[in-house]
Amino acid sequence: MPRMSRRTFVVSTALAAAVGLDARLAISPAFAQKTPDPARGFYKYKVGAIEVTALYDGIWEKPHDPAFIKNATVEETKEALAKAGLTTDFVSIPLTVVVLTVNGRHILVDAGSGGGQWQPTAGRLHRNMTAAGLDPRQIKTILLSHFHPDHIFGLLEKGTNKPVFPDAELIVTSTEYKWWTEPGRVEKLPDARKGLGQRIQAAFPQWKNFTLIEGEKDVAPGVRLVNAPGHTPGHAAYLVTSGNQQLMVSNDVAYVPALLAPHPEWQGAYDQDGPLAITTRKALLDRVIAEKMMICGAHFPFPGAGVFEKDGAGYAFTPAKS
Ligand SMILES: [Zn+2]
């Protein structure tokens with residue numbers, strides 16, 4: 001089975017960026033983005049007969065914060081970023097969303113962060129989807145990894161919570177859905193997450209078409225939900241299989257690989273259950289390596305895919321270039 005390399009990525013030349021549709025967000029100078037956007041915000045590649053379209057949503061240039069990683073100092077974090085060739089001025093947390101095209105059906109995996117609802121420097125999903133030749137109205141299925149803002153705020157209009165993809169079936173683990181919507185949950189959340197919990201509880205029980213998955217199941221032909229808890233209680237990855245090729249859509253399991261490939265044991269503030277997230281991360285990356293799968297992740301450098309290899313007690317990550 002082929003290992004993923006630049007050669008296995010097929011760049012679509014069919015559609016040039018639709019520059020006329022560029023609706024750049026108005027960003028105040030305080031939030032001026034230092035990282036250039038990719039020259040083209042979409043990238044197509046194949047897993048057997050399934051087409052994957054990676055769509056750039058934006059970036060969070062996260063200021064350094066000693067609470068970010070429980071068992072690493074800011075200096076150690078900067079060292080890991082420098083080794084990966086990234087700026088040490090801030091932590092680069094880009095966001096890429098994928099569309100899987102299976103037998104002509106377009107399936108979105110997570111919904112992006114919504115225009116400016118997560119960070120003022122993100123929210124380009126719809127522009128890049130259109131540039132890639134995909135009509136948001138064609139999206140009838142959305143596979144959700146978990147309920148953090150950068151993955152679900154794109155489902156809801158700002159202020160009103162009106163559904164952005166009103167006809168889409170939303171698929172998520174039963175564990176994730178029940179955890180966030182159970183009575184009394186909002187009160188138990190840390191203050192910084194209470195607003196998120198309230199929004200989930202206001203919007204999701206009203207959604208007309210939510211499918212909750214118990215265990216691990218096929219959710220579309222060639223697409224299987226894989227339980228990957230820790231980042232959130234019901235976090236899911238999705239395994240895409242076609243012919244003799246496989247892609248693990250890992251979502252937030254390996255978060256930012258510049259930090260977590262060399263230090264899979266780092267416990268970030270982003271992981272709701274640190275020890276479980278570490279166990280899941282190692283098991284999933286070991287599986288991807290052993291089975292020679294391709295892997296992509298929501299916060300990997302655009303186009304969001306790359307190769308992991310074992311490297312001592314950790315891993316070495318090589319990002320795919322667009
Ligand atoms: Zn995320």
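A: Ser174 lies in helix H4; helices (H or I, at least four residues) and strands (E, at least two) are DSSP runs, numbered from the N terminus. This is a predicted model, in which local features need pLDDT of at least 70, side-chain atom pairs count only at pLDDT 80 or more, and totals for chains, interfaces and linings use all residues. Residues are numbered from 1 along each chain as its sequence is written, and side-chain values use heavy atoms, with hydrogens and water left out.

Q: Is Ser174 buried or exposed?
A: Ser174 counts as buried because its relative accessibility is 3%. Buried means under 20% relative accessible area, exposed over 50%, and partly exposed in between (1.4 Å probe, protein chains only).

Q: What does Ser174 touch?
A: Not counting residues up to four places away in sequence, Ser174 touches Leu212, Ile213 and Glu214. Contact means heavy atoms within 4.5 Å.

Q: Which strands does helix H4 lie across?
A: Helix H4 (residues 174-181) lies across strand E6 (169-173) and E7, and runs at about 90° to E6. Axes are lines fitted to C-alpha atoms, for helices over the stretch in contact, and angles run from 0 to 180 degrees between N-to-C directions.

Q: What is the strand order in the open sheet?
A: The order of its seven strands is E1-E2-E3-E4-E5-E6-E7, with mixed pairing. Strand E1 (42-47) and strand E7 (210-213) are the edge strands, each pairing on one side only. Two strands pair if DSSP finds at least two bridges between them.

Q: How many bridges link E1 and E2?
A: E1 and strand E2 (residues 50-62) pair over six bridges in the antiparallel sense.

Q: Changing topic, which protein donors does the zinc ion have?
A: They are Asp150 (OD), His151 (NE2), Asp252 (OD) and His299 (NE2), at 2.1 to 2.2 Å from the ion. Donors are N, O and S atoms within 2.8 Å of the metal (3.2 Å for Na, K and Ca); water is not among the atoms, so sites may look incomplete.

Q: Why is the arrangement irregular?
A: The four donor atoms subtend angles of 86 to 167° around the zinc ion, which makes it irregular. Four donors count as tetrahedral if all angles lie between 85 and 135 degrees; four count as square planar and six as octahedral if opposite donors are over 155 degrees apart and all others between 65 and 115; anything else is irregular.

Q: Are Asp150 and Asp252 buried or exposed?
A: Both Asp150 and Asp252 are buried.
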